[in-house]
Amino acid sequence: MNMPIFARYVGIDYSGAQTPTASLKGLRVYMAEGDAKPAEVLPPPSPRKYWSRRGVAEWLVELSATNVPALVGIDHGFSFPLRYFEAHGLEPDWSAFLDDFQRHWPTDEDIYVDFVRDGAHGDGAARTGRAHWRRLTEERATGAKSVFHFDVQGSVAKATHAGIPWLRFIRQRVGDRVHFWPFDGWQIPAGRSVIAEVYPALWNRSFAREDRAPDQHDAYSVAAWLSRADRTGSLGALLLPDLSPAERATAQVEGWILGVYGFVRDDKRTNGTGTVNS
């Protein structure tokens with residue numbers, strides 16, 4: 001019988017709308033415990049009906065303090081392509097990237113992402129990229145868009161630019177209680193909680209929609225898939241995607257979408273689900 005690595009599985013469908021303290025209908029959280037079906041996690045009682053980005057970050061800090069190993073999947077980019085680091089003369093170090101990005105894109109402050117994009121706050125013009133710049137993991141995942149590709153259907157650019165400073169916030173508060181995969185290494189220390197980037201489109205068709213709204217279903221699907229992958233024993237291989245040493249080094253700077261296979265066979269790209277596109 002397979003022994004699961006984790007006891008809790010959290011799926012977060014993220015949103016880059018409005019400000020970090022705004023109540024966001026599109027920001028949803030689901031959690032599965034053990035082999036139970038995922039259930040929606042609602043924010044603490046307050047005048048706000050829905051989660052805010054700050055509220056989710058604070059909840060994840062609290063979750064890490066329970067010492068119950070959890071696997072958390074968040075659907076925005078955690079880092080940028082190597083071309084971004086090269087263009088701006090940055091060291092290929094994720095912790096330094098988080099600090100540098102937050103200085104230029106302080107989207108953990110009470111502002112809209114568009115305030116930085118429009119030059120009214122921060123210094124986003126000094127830390128930007130081009131919409132055709134893609135990370136290796138985005139090239140391997142069918143349909144994944146660049147973290148710089150704003151204002152298009154299915155874009156994760158705004159959520160990414162809104163969410164990265166909150167990864168820094170969590171990291172500063174939890175220390176080594178949480179393993180940010182793969183930046184902290186591909187191997188997960190025993191008993192450690194993990195926060196990883198996910199792409200709900202890989203899995204949301206695998207589960208019946210039932211009465212869930214699209215954002216709810218994406219968060220549900222992430223939690224359900226993570227739980228199933230762990231309990232069936234397939235998660236371990238996905239935490240160690242089939243990458244060359246050079247690709248693995250690149251992915252530790254750019255990040256990797258959990259569930260995207262690393263290999264490319266016969267010049268065909270995988271679609272992130274284990275099958276190969278013709």
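Trainee: Is H76 buried or exposed, and what is its relative accessible area?

Mentor: H76 is buried, with a relative accessible area of 2%. Buried means under 20% relative accessible area, exposed means over 50%, and partly exposed lies in between, with a 1.4 Å probe and protein chains only. A word on the basis. This is a predicted model, in which local features need pLDDT of at least 70 and side-chain atom pairs count only at pLDDT 80 or more, while totals for chains, interfaces and linings use all residues. Residues are numbered from 1 along each chain as its sequence is written, and side-chain values use heavy atoms, with hydrogens and water left out.

Back to H76. It sits in the loop between β4 (70-74) and α2. Helices (H or I, at least four residues) and strands (E, at least two) are DSSP runs, numbered from the N terminus. Leaving aside residues up to four places away in sequence, H76 touches Y14, A159, T160, G163, I164, L167, E197 and V198. A contact here means heavy atoms within 4.5 Å.

The C-alpha atoms of L167 and A57 are 7.7 Å apart, although 110 residues separate the two along the chain. A57 belongs to helix α1 (residues 53-64). A57 is buried too, at a relative accessible area of 2%. With residues up to four places away not counted, A57 touches W166, F169 and I170.

Of the contacts in the protein with a separation of 6 or more, 64% join residues 24 or more positions apart. Buried residues make up 54% of the 278 residues. The protein has nine helices and eight strands.

Now the aromatic rings. Rings of Phe, Tyr and Trp (its six-membered ring) pair if their centres lie within 6.5 Å; planes under 30 degrees apart count as stacked, over 60 as edge-to-face and the rest as tilted. By this rule there are 20 aromatic pairs. One of them joins W51 and W59: the ring centres are 5.9 Å apart and the planes stand at 55°, so the pair is tilted. W51 is buried at 4% relative accessible area, and W59 is buried at 14%. F85 and F97 make another tilted pair, with centres 5.4 Å apart and planes at 40°. F85 lies in helix α2 (residues 82-87) and F97 in helix α3 (residues 94-104), twelve residues apart. Both are buried. F85 and F97 also belong to one aromatic cluster with F80, Y84, F101, W105, W133 and F148.

Last, the backbone. Most residues other than glycine have a negative phi, and most peptide bonds are trans. Q18 has a positive phi, near 50°. Q18 lies in the loop between β1 (8-13) and β2 (28-33) and is partly exposed, at 38% relative accessible area. E210 has a positive phi of about 55°. E210 is found in the loop between β6 and α7 (214-232) and is exposed, at 51%. The peptide bond from W181 to P182 is cis, with omega near 0°. P182 lies in the loop between β5 (178-180) and β6 (193-197).
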